[in-house]
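Please look through the sequence and the model shown below before reading on.

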Amino acid sequence: MDTDQLIRSLAADNANRAPRVGAVLTMALLVAAPFSILFFATFLGVRADVMSAMHNPFFDMKFAVTLSLAIPAIIISLHLSRPEALLRGWAWLLLLPVGLLAVAIGSEAMMAPAMPMTMRLMGRNSRVCLVAIPAMSLPLLAGALFGLRHGAPSSPALAGALAGLVSAGLAATLYASHCTDDSPLFVATWYTLATALVTAIGALVGSKVLRY
Amino acid sequence: MAASVARPRLDHEFVIYSTPRNKLKERPNCLVRARVRGREDEWTGLMRSAMAGDDAAYHRLLKAITPVLRAAARRGLARAGQPPDQAEDIVQEILLAVHLKRHTWDSEAPFAPWLFAIGRNKLIDTLRRRGKRVFVNIDDFAEALPGEVPQETASAGEVAAQLGTLPQRQRDVLQSIAVEAASIKDTAAKLSMSEGAVRVALHRGLAALTAKLRDH
């Protein structure tokens, strides 16, 4: 087929309109979410003392941190789904959860400690955290990658890593309502490790499936 | 005797020979830049019309960008020390990607940077598949002018080869619309399909072609 013939067939297909990447990503995450929620409801569940925990600012802070990861990650991954887009100028958004955590750790350090630091850091649920967040991330990661396949990222691995951050941020939001460890030190250690694992998986898979 | 010994050509001869042009005091770089900008504004307008449903504008746009893409692909291949005969394969891959990813273009943004980003991506992909160390100059696409390359429409081997692996239906529809230049309506009548089915087969065929070119 010569190029003029190819152009003719492309022009004939102009009526075919694809939806925007944001719409596809939203749909894919909504389809994936029930699987993660099912895992949460089956194996974890909301912690028993949730009503009193809500008066603890460090409990609320966990959601602020996880959502300040998930939402900017969604925004950046949509930005990067355009072929000419650069991470430059957008990466600072990913510092939001880091900054929040730093503030939380600082304010906890200024209070009279209820527990020694090592106990706050190690917590009771570190192993559950390291398993549950990646496990609940996987359906969401698959959804995010499916949605971003609709885009045209110039760096598939980077876009895949962002998909990992999206799914880990959302999964960690679910997990935060189960976990009784509220210390920002615990969050900064174990949530971060779990997120890093999911992000690495996202980058690896993304580098294969997000090429266009 | 001495006259038959060819004077060795040096790389910097190009620099020496290009200076007379600069002595014209026409500030050629500014002229080139203005020409490029005018061309790119026109593309953006055509693409907006195309996205609004103007198939003829879309056809014009694809025809207009092709020689520029061809010149840039050749330049990029030459830079990587590759023969220019793969340029047409790259051009066709770029055109397919432009088509299938045009929903990622923001109609408020200029079209050319979006197009050239796809072009670079496909050029890099091709060079990587051939195991070449990749160095693509960003300006290969942005500065390419169609006048650098003769206006032939070379046929490319890879799309044609992958066409043969498509399901019969999609192949027939593509053959009819691309090669025989039939309309969707005529194709539907000829193949005893509905127009909707022809549209679906056409789109699926183009998408499958792109996936095969990417993964082979």
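Where in chain B is B:Q82 placed? B:Q82 sits in the loop between α3 and α4 of chain B, where helices (H or I, at least four residues) and strands (E, at least two) are DSSP runs, numbered from the N terminus.

## How to read the model

This is a predicted model, in which local features need pLDDT of at least 70 and side-chain atom pairs count only at pLDDT 80 or more, while totals for chains, interfaces and linings use all residues. Residues are numbered from 1 along each chain as its sequence is written, and chains are lettered from A and ligands numbered from 1 in the order in which they are written.

## The two chains in outline

Chain A has 9 helices and 0 strands, and chain B has 10 helices and 0 strands. The C-alpha trace of chain A spans about 75 × 35 × 25 Å along its principal axes.

Of the 212 residues of chain A, 48% count as buried, and of the 216 residues in chain B, 35% are buried. A residue is called buried if 20 or more other C-beta atoms lie within 10 Å of its own, exposed if 12 or fewer, and partly exposed in between, with C-beta atoms placed from the backbone. Two residues are in contact if their C-beta atoms, placed from the backbone, lie within 7 Å. Among contacts in chain A between residues at least 6 apart in sequence, 90% join residues at least 24 apart, whereas the corresponding value for chain B is 62%.

How does the span of helix α7 of chain A agree with its number of residues? This helix covers residues 126–149, and at 1.5 Å a residue its 24 residues should span 34 Å, which agrees with the 33 Å between its end C-alpha atoms; the expected span is 1.5 Å times one less than the number of residues.

Leaving aside residues up to four places away in sequence, A:P134 touches A:A194, A:L197 and A:V198. In helix α9 of chain A, which covers residues 184–209, lies A:K208, and A:K208 counts as exposed because it has 11 C-beta neighbours inside 10 Å. The C-alpha atoms of A:K208 and A:A157 are separated by 7.9 Å, although these residues are 51 places apart along the chain.

## Loops of chain B

B:Q82 counts as partly exposed, with 16 C-beta neighbours inside 10 Å. B:Q82 and B:L127 are 45 residues apart in sequence, and their C-alpha atoms are 8.6 Å apart in space.

In the loop between α8 and α9 of chain B lies B:A181, whose phi is near 55°, a positive value in a residue other than glycine. B:A181 is partly exposed, since 13 other C-beta atoms lie within 10 Å. The loop between α9 and α10 of chain B holds B:S192, which has a phi near 50°, again positive in a residue other than glycine. B:S192 counts as exposed, with 7 C-beta neighbours inside 10 Å.

## Two packed helices in chain B

Two packed helices are described by the angle between their axes and the distance between the axes. Helix α8 (residues 168–179) and helix α10 (residues 195–215) of chain B pack at an angle of about 100°, with their axes 8 Å apart. Axes are lines fitted to C-alpha atoms, for helices over the stretch in contact, and angles run from 0 to 180 degrees between N-to-C directions. The two helices are therefore roughly perpendicular to each other, since angles under 35 degrees count as roughly parallel, over 145 as roughly antiparallel, 65 to 115 as roughly perpendicular and the rest as oblique.

The contact involves residues of both helices, including B:V173 and B:L174 of α8(B) and B:A201 and B:L202 of α10(B).

## Where the chains meet

In the contact between the chains, 39 residues of chain B meet 29 residues of chain A. Several helices of chain B, among them α3 (55–79), α8 and α10, each supply at least two residues of the side that touches chain A.
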